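These are my notebook entries on a single structure, kept in the order in which I looked things up.

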Amino acid sequence: MTVLLRPERPSDRVEVHALHRAAFGDHGDAVVGLLDGLSPGLSLVAEDDGRVVGHVRFSPALLDAPRQLVPVQTLSPLAVLPERQRQGIGASLVRAGLEQLAASGVPVVFLEGDPAYYGRLEFVAGAGLGFRRPSLRVPEPAFQAVLLPAHEPWMTGTLVYPDVFWRHDAVGLR
Ligand SMILES: CC(C)(COP(=O)(O)OP(=O)(O)OC[C@H]1O[C@@H](n2cnc3c(N)ncnc32)[C@H](O)[C@@H]1OP(=O)(O)O)[C@@H](O)C(=O)NCCC(=O)NCCS
């Protein structure tokens, strides 16, 4: 496999949108709406033969810890073109992203997703790490986190999503 992982460029936008529509089906429009509204953050694409075949986006959120607010990151969305799934592209994108975020001092990355998938990528249930989900509509096992080296033991508390997640009704089961 000769897939190149690189930062998203402005010229990738149309392809990235098409990718999410193909991967998310009926939810594609909602995902694209969220994507366009997210604050700037790490955005990586997987490119193969000049074509975008995968994409992951990280964006800022806050951890409402007892001591103080802590800037953290969320992973959403992640998608791989249906015909290119199960080739390790999703996993490579997530791993590359976590590596970069760890290097830039991010303490925790959160996501909502299937533990069967993200458990392989070192995400564990947030509740077991002292974190509280941002909404009761997020099933407890779906609320996952990975601790990065900058995490300190006092960094527990509630994940607070920025307004864009609520505006797009992108929180929990819909
Ligand atoms: C989820 C997704 C990004 C995974 O990308 P990918 O490149 O296929 O993933 P990888 O190749 O790294 O891993 C594939 C493995 O994960 C498994 N897997 C994929 N999605 C899974 C899920 N929801 N639950 C459990 N396992 C899953 C596959 O069965 C495969 O395992 P196998 O090869 O042992 O059978 C891709 O399937 C996708 O775009 N799905 C639609 C959009 C989506 O649901 N995004 C995630 C939202 S949180």
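**Entry 1: helix H2.** I looked up the buried residues of helix H2, residues 28-37, and found Val 31, Val 32, Leu 34 and Leu 35. Viewed down the axis of H2, these buried residues fall within an arc of 160°, so they line one face of the helix. I note that the model is a predicted one. On the face of H2 turned away from the buried side, I found the exposed residues Asp 29 and Asp 36. I then asked what the buried residues of H2 pack against. The partners are H1, strand S3 (51-64), S4 and helix H5 (163-167).

**Entry 2: helix H1.** I checked the length of H1 next. Its 12 residues should span 16 Å at 1.5 Å a residue, and its end C-alpha atoms are 16 Å apart, which agrees. The buried residues of H1 are Val 16, Leu 19, His 20 and Ala 23. They cover an arc of only 95° around the axis, which puts them on the same side of H1. I recalled the general rule here: an α-helix has 3.6 residues a turn, so residues three or four places apart point the same way. The cover over the buried residues of H1 includes H2, S2, S3 and S4. After H1 comes Gly 25, with a positive phi near 55°.

**Entry 3: helix H3.** H3 has 15 residues, and I read 21 Å from its first C-alpha to its last, close to the 21 Å expected at 1.5 Å a residue. Which residues of H3 are buried? I listed Ile 89, Gly 90, Leu 93, Val 94, Gly 97, Leu 98 and Leu 101. Down the axis of H3 they fall within an arc of 165°, so they line one face of the helix. On the other side of H3, Glu 99 and Ala 103 are exposed. The buried residues of H3 are covered by elements that include strand S1 (4-7), S2, S3, S4, S5 and S8. Just after H3, Gly 105 takes a positive phi of about 85°.

Entry 4: Is Gly 97 buried or exposed? It has 22 other C-beta atoms within 10 Å, and 20 or more make a residue buried, so Gly 97 is buried. Leaving aside neighbours within four places in sequence, Gly 97 is in contact with Leu 42, Leu 44, Val 56 and Phe 58. Gly 97 and Arg 57 are 40 residues apart in sequence, yet their C-alpha atoms are 8.5 Å apart in space. Arg 95 has 15 other C-beta atoms within 10 Å and is partly exposed. From Arg 95 to Gly 37, 58 residues apart along the chain, the C-alpha atoms are separated by 24 Å.

**Entry 5: the nonpolar cores.** The largest nonpolar core has 37 residues, and those with the most contacts inside it are Val 72, Leu 75, Leu 93, Val 108, Val 109, Phe 110 and Ala 145. At least two residues of this core come from each of H1, strand S2 (43-48), S3, S4, H3, strand S5 (108-112) and strand S8 (143-147). Apart from it lies another core, of seven residues, including Val 32, Leu 34, Leu 38 and Phe 165. Returning to Ala 145, I found that it touches, among others, Val 108, Val 109, Phe 110 and Phe 123, with residues up to four places away in sequence not counted.

**Entry 6: the shell around the ligand.** Which of the 16 residues around the ligand come nearest? They are Gln 85, Gly 90, Ala 91, Gly 113 and Ala 116. Helix H1 (13-24), strand S4 (69-80), helix H3 (89-103) and helix H4 (115-118) each supply at least two residues of the shell. I recorded the shell as nine nonpolar, five polar and two charged residues.

**Entry 7: backbone details.** The peptide bond from Ser 76 to Pro 77 is cis, with omega near -5°, and Pro 77 is found in strand S4. Asp 49, in the loop between S2 and S3, has a positive phi near 55° although it is a residue other than glycine. Asp 49 has 8 C-beta neighbours inside 10 Å and counts as exposed. Asp 169, in the segment after H5, also is not a glycine and has a positive phi of about 45°. With 12 C-beta neighbours inside 10 Å, Asp 169 counts as exposed.

Definitions and conventions:
Residues are numbered from 1 along each chain as its sequence is written. This is a predicted model: local features need pLDDT of at least 70, side-chain atom pairs count only at pLDDT 80 or more; totals for chains, interfaces and linings use all residues. A residue is near a molecule or strand if its C-beta atom, placed from the backbone, lies within 6 Å of it. Helices (H or I, at least four residues) and strands (E, at least two) are DSSP runs, numbered from the N terminus. Ala, Val, Leu, Ile, Met, Phe, Trp, Tyr, Cys and Pro count as nonpolar, Asp, Glu, Lys and Arg as charged, and the others, Gly among them, as polar. Two residues are in contact if their C-beta atoms, placed from the backbone, lie within 7 Å. The arc is that of the directions from the helix axis to the C-beta atoms. A nonpolar core is a set of buried Ala, Val, Leu, Ile, Met, Phe, Trp, Tyr and Cys residues joined through C-beta atoms within 7 Å. The expected span of a helix is 1.5 Å times one less than its number of residues.
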